[in-house]
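Have the structure open while you read.

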Amino acid sequence: MTTWGLIIETTVGVGERKHIEAYVVAHVTGPREEALAELERRARSHSPEHPRSPKRRRLLRQDDGFLLVIDGAWQSFVTRFTVAELLEDSDAPAAPEPAVEAPNAPTVPEPVVQAASGVPVTAAAEPAEQQVERYSDGVPVRPAWLGRNDLP
């Protein structure tokens, strides 16, 4: 199966300090169309830090992703959403080495773990991005720190 990286390149900072930064926000294993669908979902719900008072929002489709242009009072800010095939990852977990079996040893099948839906689970999936309830200006209704027990 092919693994696709979902990449966001966004404008950060303002004025002379305004520049573009790139982030790999998720990986999708499967067909390219599935990765593009997830990328579109993220592009439609994306709420960038700048501009603070958006005047116009435009989402455009490209061959390999989407382009979000938000016009502010003084400047435009751009966010590019791209899907790209993952070819190499230096931080990926090492592939398990094949087990060496003793001669004439009986083989025991590994137990298959099934989810509540009855579908076999082969690997831990990446956690899905949590949907956070937000006010119209993009501020979360419930602060992330609320309810944490590890804070003083």
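A salt bridge here is a side-chain nitrogen of Lys or Arg within 4 Å of a carboxyl oxygen of Asp or Glu. By that rule, the count comes to five salt bridges. Keep in mind that this is a predicted model.

**Charged pairs**

Why look for such pairs at all? Side chains of opposite charge can pair when their charged atoms come close.

| Salt bridge | N to O distance |
|---|---|
| Arg41 – Glu38 | 2.7 Å |
| Glu38 – Arg42 | 2.9 Å |
| Arg58 – Asp71 | 2.8 Å |

Which residues make up the salt-bridge network? Glu38, Arg41 and Arg42 are the ones linked. Arginine 41 and glutamate 38 both belong to helix α1 and are three residues apart, about one turn of the helix. Glutamate 38 and arginine 42 also both lie in α1, this time four residues apart, again about one turn.

The bridge between arginine 58 and aspartate 71, with its closest N and O atoms 2.8 Å apart, is a link between distant parts of the chain: arginine 58 is in strand β3 and aspartate 71 in strand β4, 13 residues apart. Arginine 58 is partly exposed at 31% relative accessibility, while aspartate 71 is buried at 16%.

**The sheet and its helix**

In what order do the five strands of the open sheet run? The order is β2-β1-β5-β4-β3, and the pairing is antiparallel. The edges are β2 (19-29) and β3 (56-62), each of which pairs on one side only. On average, neighbouring strands in the sheet are turned by 15 degrees against each other, ignoring direction. Helix α1 (residues 32-45) packs on this sheet and touches β1, β2, β3, β4 and β5; its direction makes about 160 degrees with that of β5.

As for the pairing in general, strands of a sheet pair through backbone hydrogen bonds, either parallel or antiparallel. Strand β5 (residues 76-85) has antiparallel pairing over seven bridges with β4 (residues 65-71), and β1 and β5 likewise pair in the antiparallel sense over seven bridges. Between β4 and β5 there are four residues, and the two strands form a hairpin. Aspartate 71, the partner of arginine 58 in the salt bridge, stands opposite serine 76 in β5.

**A threonine pair between β1 and β5**

Threonine 10 lies in β1 (residues 3-12), and threonine 79 is found in β5. Their side chains make a polar contact of 3.0 Å. Are the two residues buried or exposed? Threonine 10 has a relative accessible area of 10%, so it is buried; threonine 79, with 3%, is therefore buried as well.

Their surroundings can be listed, leaving out residues up to four places away in sequence. Threonine 10 touches His19, Ile20, Glu21, Tyr23, Val78 and Thr79. Threonine 79 touches, among others, Ile8, Glu9, His46, Pro48 and Phe66.

In soluble globular proteins, nonpolar side chains tend to be buried together. Here the largest nonpolar core has 14 residues, and those with the most contacts inside it are Leu6, Ala35, Leu39, Phe66, Phe81 and Val83. At least two of its residues come from each of β1, β2, α1, β4 and β5. Which element supplies the largest share? That is α1, with four residues.

Beyond its neighbours within four places in sequence, leucine 39 is in contact with Leu6, Ile7, Asp64, Gly65, Phe66, Phe81, Thr82 and Val83.

Technical notes: Residues numbered from 1 in each chain as written. Predicted model: local features only at pLDDT ≥ 70, side-chain atom pairs only at ≥ 80, totals over all residues. Heavy atoms only, no water. Buried < 20%, exposed > 50% of the residue type's maximum accessible area, 1.4 Å probe, protein only. Polar contact = N/O pair within 3.5 Å; in protein donor to acceptor, adjacent residues only side chain to side chain. Contact = heavy atoms within 4.5 Å. Pairing = 2+ DSSP bridges. Axes fitted to C-alpha atoms, helices over the stretch in contact; angles between N-to-C directions. Core = buried A, V, L, I, M, F, W, Y, C linked by side-chain atoms within 4.5 Å.
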